[in-house]
Amino acid sequence: VFCAYHDYLKAGHDIDYFVFKALGERNHTAIFMDLVLGFGLSFLLAFWKKLTWTLRVISIVLLGLICFGLLIDASRAGFGAMFTLVFVLAIIYWWRSRIITAVLLGLLVIAGVTTFVAHPFVLQRQEVWQQGLEKNGNDPRECIWHSAWLTFEQSPIVGFGSHNYRFAATPENIQKWADQKYKNQPNKIRPCFGYAPHAH
């Protein structure tokens, strides 16, 4: 986590540099941070009474860094999973400790209000996506999935491999394959096609 923060700050707050080296991709980093957050928060709540105050403070600081990292990372799914995870834990702990439930729900409210006031990049990305959807009438990810499926159909048995996907699913190739597959259909009723370095 500290290395990801270091690279992010060194790169001038470029979110594409907020990655764990072993994972190498921003969205995969967000998924891993969600897993760590779920495990870490569950452990902290389960063993709160047995931990020293030093360990409690260290745990809270580290979990805070993970949460802030998810905000910086701007992965909408990862960000949403963080809120969902904390909410589910709050509900689970309702039968064990109403105080824990109240604290977790209070943190969610504070985090939600702060997020909308600060208007971080994760919200800006969602707004840009929504504007594109309203303007073009197509979900950008759905268009990428159509391209991915079309690429898969070219080599369904051995495939291209995740690292070669971007070389196979080029705009030129997608256009050629779409023209072959939908040659009897006018453009207006064809699926939309999008281009990305991986299949999303």
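User: Which residues form one aromatic cluster?

Analyst: Phe39, Phe43 and Phe47 do. A word on the model: it is predicted, local features need pLDDT of at least 70, side-chain atom pairs count only at pLDDT 80 or more, and totals for chains, interfaces and linings use all residues. Residues are numbered from 1 along each chain as its sequence is written, and side-chain values use heavy atoms, with hydrogens and water left out.

User: Why is the pair of Phe43 and Phe47 called tilted?

Analyst: Rings of Phe, Tyr and Trp (its six-membered ring) pair if their centres lie within 6.5 Å; planes under 30 degrees apart are stacked, over 60 edge-to-face, and the rest tilted. Phe43 and Phe47 sit 4.8 Å centre to centre with 40° between the planes, so they pair and fall into the tilted class.

User: What makes Phe79 and Phe83 edge-to-face?

Analyst: Their ring centres are 5.2 Å apart and their planes stand at 65°, so that's the label they get. Both belong to helix H4, 4 residues apart, which means about one helical turn separates them. (Helices are DSSP runs of H or I, at least four residues, numbered from the N terminus.)

User: How many aromatic pairs turn up in a search of the whole structure?

Analyst: The search finds 6.

User: Why does Phe79 count as buried, and what is Phe43?

Analyst: Buried means under 20% relative accessible area, exposed over 50%, and partly exposed in between (1.4 Å probe, protein chains only). Phe79 has 10%, so it is buried. Phe43 has 39%, so it is partly exposed. Phe47, with 34%, is partly exposed too.

User: How do you know that Arg98 lies over the face of Trp94?

Analyst: A charge sits over a ring if NZ of Lys or CZ of Arg is within 6 Å of the ring centre and within 35 degrees of the ring normal. Arg98 is at 3.9 Å from the ring centre of Trp94. Arg56 likewise lies over the face of Trp53, at 4.6 Å from the ring centre.

User: What makes a set of residues a nonpolar core?

Analyst: The members are buried Ala, Val, Leu, Ile, Met, Phe, Trp, Tyr and Cys residues joined through side-chain atoms within 4.5 Å. The largest one here has 27 residues, and those touching the most other members include Phe18, Met33 and Leu70. Helices H1, H2, H3, H4 and H5 each give two or more residues to this core, and H2 gives the most, with 6 residues.
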